[in-house]
Amino acid sequence: MKALRFIAEKTLEITTMPEPVLEGEDVLVRVRGCGVCGSDVHGWLGLTGRRIPPMTMGHEFAGEIAECGKDVQGYRRGDLVAVQPINFCGSCAPCRQGLTNMCTNKRFFGVLDEDGAMAEYVAVPQKLLYRLPDGFDCRVAAMAEPYAVAFGSVAKAGDVEGKTVLIIGAGMIGQCILQNVLLRKPGAVIVSDLSESRLKIAKELGANHTVNTKKDDFFKALQDLTDESMIDICFEAVGIEATANQSIKCLKVGGKAIWVGMSQKEMTINMQDIVCSARTVLGSFNYTHAEFGCVVDLLVQGRLDYSTLLSKIVALNDAPAAFKALHERPGDYLKIVIDPTI
Ligand SMILES: [Zn+2]
Ligand SMILES: [Zn+2]
């Protein structure tokens, strides 16, 4: 089979690989959609150490079952499935609490040295599958993964009904957070970013207000937009020092910041901004297996507006160029999905 191999820093190659071998409870998925994540691009550039060559990337994927292992039940050849890519053990302490994303034995498809789905086929344990209706577009289903990252963070916000919400960062995850927040009847939603084109998309998706921090004064704009009352809940979807501090300083007394972005390992935070105003800062990492299923349901029910987020569909052969484009012109794309069947 054909696979896109990450063989060295900044080097991707289309090569022929043996087809994966199935364990009893595995299905062979013929990949029909695999998203390129920002973390894939950062890994390819050698910035994070989260992709260890040689390996095949790809953790945002869906496809068609090509073959079932001997112990697989309830699925058959031709079924369409979305795959929750965090392979959890099911028996460790976090797993027993349902926190499969915190599994101490987890293996993540397409992360570190674990092969993923930027290939024609991938073997997946049955327990990670969510069924899709016949005819559902797998390129869309591949977007369940970033939507699930957002869903997991919004779930931690508690009740957002009537609250003033700020989302810092209008990249793919920020836009997915926006859509998930809008499903929960917020009071007003404000989105901030440096890119006018991304803010325009946020506005089209239903943000009440946007703040362009390149030209507007961040705090002044928020004071004006909220009649000085400021923010109840802030989602930080950038992950650098400047925006992490913004996410705390923008809050009301007792407000809550949820950190989803993570681009900088260490940073300086003003502790008094948290302690003296009794604010909460909460980290959110990925999604549980159950949360992923909720997102697949929302996508299938047509309740998430993916059309403006899916920027481009490319063949496997064109994937190296897509990585380059995402690196060189990040403002031009939100999500690029590889379809190895074209
Ligand atoms: Zn991702
Ligand atoms: Zn576990």
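Modeller: One term comes first. A crossing of two helices is right-handed if the near helix is turned clockwise from the far one by less than a right angle, and left-handed if anticlockwise. Keep in mind that this is a predicted model.

The helix is α4, residues 144-155. Two partners are described here. Start with α5, residues 172-182. The axes of α4 and α5 lie 8 Å apart, and the angle is about 55 degrees. Angles under 35 degrees count as roughly parallel, over 145 as roughly antiparallel, and 65 to 115 as roughly perpendicular; the rest are oblique. α4 and α5 are therefore oblique to each other. Their crossing is right-handed. On the α4 side, the contact uses Pro 146, Tyr 147, Val 149, Ala 150, Phe 151, Ser 153 and Val 154. α5 answers with residues including Met 172, Ile 173, Cys 176 and Ile 177.

Next comes α10, residues 289-300. α4 packs against α10 at about 115 degrees, with the axes 9 Å apart. This crossing is right-handed too. From α4, the residues that meet α10 include Ala 144, Glu 145, Ala 148 and Gly 152. Among their α10 counterparts are Phe 292, Cys 294, Val 295 and Leu 298. Tyr 147 and Phe 151 of α4 take part in both contacts, with α5 and with α10.

Now step past the helix. Lys 156 sits in the loop between α4 and β11. Its relative accessibility is 29%, so Lys 156 counts as partly exposed. Lys 156 touches Lys 256, Ile 258, Leu 282, Gly 283 and Ser 284. Ser 284 is 128 residues away in sequence, yet its C-alpha is 7.6 Å from that of Lys 156.

Then the metal. Cys 89, Cys 92, Cys 95 and Cys 103 coordinate the zinc ion (ligand 2) through their SG atoms, at 2.3 to 2.4 Å. The spacing of these donors is C-x2-C-x2-C-x7-C. Angles among the four donor atoms run from 103 to 119 degrees, and the site is tetrahedral. For comparison, the ideal angle for four tetrahedral donors is 109.5 degrees. Cys 92 and Cys 95 are buried.

The zinc ion (ligand 1) has Cys 37 (SG), His 59 (NE2) and Glu 60 (OE) as donors, at 2.1 to 2.6 Å. Cys 37 lies in the loop between β3 and α1, and His 59 in the loop between β4 and β5, so the pair ties together parts 22 residues apart in sequence. Cys 37 is buried at 17% relative accessible area. His 59 is buried as well, at 3%.

Definitions and conventions
Residues numbered from 1 in each chain as written. Chains lettered and ligands numbered in written order. Predicted model: local features only at pLDDT ≥ 70, side-chain atom pairs only at ≥ 80, totals over all residues. Heavy atoms only, no water. Donors = N, O, S within 2.8 Å, 3.2 Å for Na, K, Ca; no water. Tetrahedral: all angles 85-135°; square planar, octahedral: opposite > 155°, others 65-115°. Buried < 20%, exposed > 50% of the residue type's maximum accessible area, 1.4 Å probe, protein only. Axes fitted to C-alpha atoms, helices over the stretch in contact; angles between N-to-C directions. Helix = DSSP H or I, 4+ residues; strand = E, 2+ residues; numbered from the N terminus. Contact = heavy atoms within 4.5 Å. Lists of a residue's contacts leave out its neighbours within four places in sequence.
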